[in-house]
Structures are given as C-alpha cells and as structure tokens.
Amino acid sequence: MTLKSTQSPTHPCGFVSLVGAGPGDPDLLTVKALRLIQNAEVVVYDRLVSDEIMALVNSEAERIYVGKRLNHHCVAQDQINQVLVEQAQQNKQVVRLKGGDPFIFGRGGEELEKLASEHIPFEVVPGITAAAGCTAYAGIPLTHRDHAQSVHFITGHLKKEGMDIDWASLSKGNTTLVFYMGLKESPNIQQKLISAGLCQQTSIAIIERGTTSQQRVLTGELSQLSSLAKQAVSPSLIVVGSVTSLHSQLSWFR
Ligand code: SAH
C-alpha cells in the first residue's frame, strides 16, 4: 500500500509521486514505478538513478537533474523541495525518482513534509533499498540462522547526520551491519567497531555499484576495512558480519 496525502489542494495543482528506483538494475523497478515513469510529465531525479532506468522514462517528459552540479556541490535540499512544489503547482504529474527506497537514507520524508505543508497531494512508491538489492546480487543473505539474527542499516555520514551511533550495541555479534555512504568514514567505522569489542577478524564485504553490470565485491576482515575502502568507488555499500563469508559460496551474479 502506498501513502496518499488526504489534504485537498488550495489551488489547482498536480501530483507528486515519490518513487524508489531500486539500486541500479532496471529489472528491479517495481511495476508501479515503471508505470509512473512512463506516464510522468516531469521527472526530478538524482545521481543514483541509473542511465538504464532513465532510458525507460516517458520520452516526452521534462527531466530535471538535481544530483551533483558541475562544481560538485549537491543541489540544496530546500531547492529540490522548491522544484517539486513549483512543478506540482503548474498542474503537472511529477515523479520524484530516487535511488533505492525513498525512505531509507533518501530524505524522502523531508520532501513530503514540504509538499504536505503546501497542500500538494502525493504518494510514495517504495523501492528496493541498496542493502537488500546489492547483498542479494552478491550472494550475501542479510540474515541466516547460523550467522545473524538481526540487521542494522546505518549511515556512514556520521558527522553530517549529527547523532551519535551506539557502537556498543552494534558490536555484539550475531548481527549484520550495513553502512550506507560509508567509504570516506571507513577508518572511523573500523576503529569504533573494534574499540567497542567487535572481533578484528569479523568478515566484511564492500559491494560496489551493486546490481549493475559493473558490480564488484571486495571481501576481507574488519581490520582491512579502511584499506579495502580505498580501492572502492561510489556508490558502495559496506557490510560487516559473518554472513559476508557466504559470498564465495553463494555468489551468482556476473
Ligand atoms: N535511498 C537509497 C540510499 C541513498 S544513500 C537506498 O535505499 O538504497 C546513498 C548510498 O546508498 C550510497 O553511498 C551507497 O552506500 C548506497 N548505494 C546506493 N546504491 C548502491 C549501489 N548500486 N551499490 C552500492 N551501494 C549503493
């Protein structure tokens, strides 16, 4: 089920679909996402949406890129919110297309708050988040009765997100840790987990450009995390936990 705003618009206005595009492979789009991008009048998209997925967008639709600009600065979130509002107020069917799932480290909530405050109707279409998609394509089950009874999704943007991470609770073992946006902070992640008691020999994997034809999986031990991260390019996901040792046996995607 998707969420729908119930407030009625104060002026004639369009509709915004906040759509998750999945981690890269276009075959991982949901049927609903595909239908929406094929019928959209405007598609507002960012860096993580693959070219193959953009090729499926209605050819008549206006495409507005809000990823990195030439000077490598991200378009500010306020500006993105404003683009969505302005397009909807021009009575258009807008698709806000985001990599993975819009509500998992996607700032989808902030965009909807703005739309709600402007009384613009919207819906949310979930997508396959990188943690689910990339590990599946890497042959790494997130949980396994012999390895992990829980999974944590953690932002590697430790400073920007502000709040402190409870490293002790993450370092108890029997759990799988998935770090999004973690490459730059990998020395810190490695050091914090080991200091909090996680064994240095814990298996880890870095999944680079997961689910795409360029997917690469680097594996090693926690003590090697920061050196492996230096060899990886963005977007990459860091997975910490003994489930990653199954990659060599269960890997199937080439
Ligand atoms: N909303 C997205 C996450 C956005 S944060 C989702 O649900 O997947 C961006 C981070 O996601 C990247 O830095 C990387 O850690 C991860 N990521 C997204 N796509 C990825 C991919 N194809 N391969 C590896 N990591 C990916």
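Leaving out neighbours within four places in sequence, T211 is in contact with P23, G24, D25, L28, G133, C134, Y137 and F253. The model described here is predicted. In it, T211 belongs to the loop that runs between β8 (203-208) and β9 (216-221). The protein chain as a whole comes to 10 helices and 10 strands.

**Surroundings of T211**

- T211 counts as buried because its relative accessible area is 2%, where buried means under 20%.
- A polar atom of the T211 side chain lies 3.1 Å from the backbone nitrogen of D25.
- D25 is also one of the residues in contact with T211, and C134 is another.
- C134 is itself buried, with a relative accessible area of 5%.

**Cysteines and disulfides**

- The count of disulfides is 0, the rule being a pair of cysteine sulfur atoms within 2.5 Å.
- In general, a disulfide is a covalent bond that links the sulfur atoms of two cysteines.
- C134 is buried at 5% relative accessible area, whereas C199 is partly exposed at 41%.

**Helix α1**

- Helix α1 spans residues 31-39 and contains K32.
- The buried residues of α1 are A33, L36 and I37.
- Viewed down the axis of α1, these buried residues fall within an arc of 95 degrees, so they line one face of the helix.
- In general, an α-helix has 3.6 residues a turn, so residues three or four places apart point the same way.
- V31 and N39 are exposed on the other side of α1.
- K32 is partly exposed, with a relative accessible area of 28%.
- The cover over the buried residues of α1 includes β1 (15-20), α2 (51-54), β4 (93-98) and β5 (122-125).
- From C-alpha to C-alpha, K32 and D164 are 37 Å apart in space, and they are 132 residues apart in sequence.

**Helix α4**

- Helix α4 comprises residues 108-117, and its residues G108, E111, L112 and L115 are buried.
- These residues cover an arc of only 95 degrees around the axis, which means that they sit on the same side of α4.
- The elements against which the buried residues of α4 pack are β1, α3 (77-89), β4 and β5.
- β1, β4 and β5 are also among the elements covering the buried residues of α1.
- Just after α4, H119 adopts a positive phi of about 60 degrees.

**Helix α8**

- In helix α8 (residues 186-195), the buried residues are S186, I189, Q190 and L193.
- Their arc around the axis is only 100 degrees, so they lie on the same side of α8.

**The chain as a whole**

- Taken along the principal axes, the box filled by the C-alpha atoms is roughly 60 × 40 × 40 Å.
- Of the 254 residues, 50% count as buried.
- Among contacts with a separation of 6 or more, 71% are accounted for by residues 24 or more positions apart.
- The accessible surface of the protein chain is about 12,800 Å², and carbon and sulfur atoms account for 51% of that surface.

Definitions and conventions. Residues are numbered from 1 along each chain as its sequence is written. This is a predicted model: local features need pLDDT of at least 70, side-chain atom pairs count only at pLDDT 80 or more; totals for chains, interfaces and linings use all residues. Side-chain values use heavy atoms; hydrogens and water are left out. Buried means under 20% relative accessible area, exposed over 50%, partly exposed in between (1.4 Å probe, protein chains only). Helices (H or I, at least four residues) and strands (E, at least two) are DSSP runs, numbered from the N terminus. A polar contact is a pair of N or O atoms within 3.5 Å; within protein, one must be able to donate a hydrogen and the other to accept it, and residues adjacent in sequence count only if both atoms are side-chain atoms. Contact means heavy atoms within 4.5 Å. Accessible areas come from the Shrake-Rupley method with a 1.4 Å probe; for residues, only the protein chains shown count as cover. The arc is that of the directions from the helix axis to the C-beta atoms.
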